[in-house]
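Reader: I have a model open and would like to learn how to read it. Where should I begin?

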Amino acid sequence: MSFYSFKNNGNDRSPGLIDAKALNCITERVCIQVNKVYDACLQQESFPDTQVTLPALSGTAPYTFISLRNSISQGNVENLSVTRLTDRPNCARVQADITIPVQINYSDATGTEYTTTGSISVHKDVILYVPDDSIIPYSIQATTGAISVIGSIAVTGETATLTADVCISIITRVIATVDLLVPAFGFTEIPPCEEYADEACDNFFCLPLFPPQMEDVISNNNCLGSSFYNSRTDK
């Protein structure tokens, strides 16, 4: 099973939806160490004609672009600048270059498909709540997503360049690692794994081991007919 297996349905010691009655099951206040998000914002934009420098490509030119997607969700924050705003207390102008690692799928002249990697850099200039200095410092982090299916690959000398229309989503966060006090229901109960089994066997495995007796089904059968188990006596 897993947390969300039907066999684990109704287990109060597993994650899931709760109602008001579940609040009565809170057993303790727990101190946990987490990355607390102090502020965050989402930007989704289309970047036409984005150029990505590619490493040496496999196969034979010409190359056909197939698709691009971010290879990981964590973007690299570079050239960070945080400027406090005098007219907006506790807020700051956050400027940074967000580098997004991407995976590019392409094919060569023979139709053979290959995969290579690259990166896209996007500049961000946003306003966020930024906490004052403390012993535990805050950090600026970015969660990214990028996708494209429109583009072309050009090779000049030994340099290959992808030009693509890329859709990019970036969540910029102000984060600090803190000790947070939260209500808890106690330790999670980890259910045993549900091993995969071919569904073709499910109906067979659900059959009883031995054939049912008449006594086992008599309560569900009101028409017994004439048999050894008929209690009627002819007179």
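Author: Begin with secondary structure: helices (H or I, at least four residues) and strands (E, at least two) are DSSP runs, numbered from the N terminus. Val-182, for instance, lies in strand 7. This is a predicted model, in which local features need pLDDT of at least 70 and side-chain atom pairs count only at pLDDT 80 or more, while totals for chains, interfaces and linings use all residues. Residues are numbered from 1 along each chain as its sequence is written, and side-chain values use heavy atoms, with hydrogens and water left out.

Reader: How many helices and strands does the protein chain have, and in what order do the elements run?

Author: The protein chain has two helices and seven strands. From the N terminus the order is β-β-β-β-β-β-β-α-α.

Reader: How do I read burial, and is Thr-116 buried or exposed?

Author: Buried means under 20% relative accessible area, exposed over 50%, and partly exposed in between (1.4 Å probe, protein chains only). Thr-116, in strand 5 (residues 113–129), is buried because its relative accessible area is 9%. Glu-113 is also found in strand 5, but Glu-113 has a relative accessible area of 61% and is therefore exposed. Val-182 has 23%, so Val-182 counts as partly exposed. Over the 235 residues of the protein chain, 25% count as buried.

Reader: What does a contact mean, and which residues does Thr-116 touch?

Author: Contact means heavy atoms within 4.5 Å. Leaving out residues up to four places away in sequence, Thr-116 touches Leu-54, Pro-55, Leu-57, Val-102, Gln-103, Ile-104 and Tyr-106. With the same exclusion, Glu-113 touches Ile-66, Tyr-106 and Ser-107.

Reader: Where does sequence separation come in?

Author: Val-182 and Glu-28 are 154 residues apart in sequence, and their C-alpha atoms are 8.5 Å apart. Beyond its neighbours within four places in sequence, Val-182 is in contact with Glu-28, Arg-29, Val-30 and Ile-32. Glu-113 and Ser-58 are 55 residues apart in sequence and 9.3 Å apart in space, C-alpha to C-alpha. For the protein chain, among contacts between residues at least 6 apart in sequence, 75% join residues at least 24 apart.

Reader: How many disulfides does the structure hold?

Author: A disulfide is a covalent bond between the sulfur atoms of two cysteines. The test is a pair of cysteine sulfur atoms within 2.5 Å, and the structure holds zero disulfides. As for individual cysteines, Cys-91 counts as buried because its relative accessibility is 16%. Cys-41 is partly exposed, since its relative accessible area is 21%. Cys-167 has 43%, so Cys-167 is partly exposed.

Reader: Where does Cys-167 lie, and what does it touch?

Author: Cys-167 lies in strand 7 (residues 159–184). Setting aside residues up to four places away in sequence, Cys-167 touches Glu-45, Gly-145, Ala-146 and Ile-147.

Reader: How many residues line the largest pocket, and which lie nearest its centre?

Author: On a 1 Å grid over the protein atoms alone, a pocket is an open set of points where a 1.4 Å probe fits, with protein on both sides within 12 Å along at least five of seven lines; lining residues have an atom within 4 Å of a point. The largest pocket is lined by 23 residues, and Asn-11, Asp-12, Arg-13, Ser-14 and Leu-17 lie nearest its centre.
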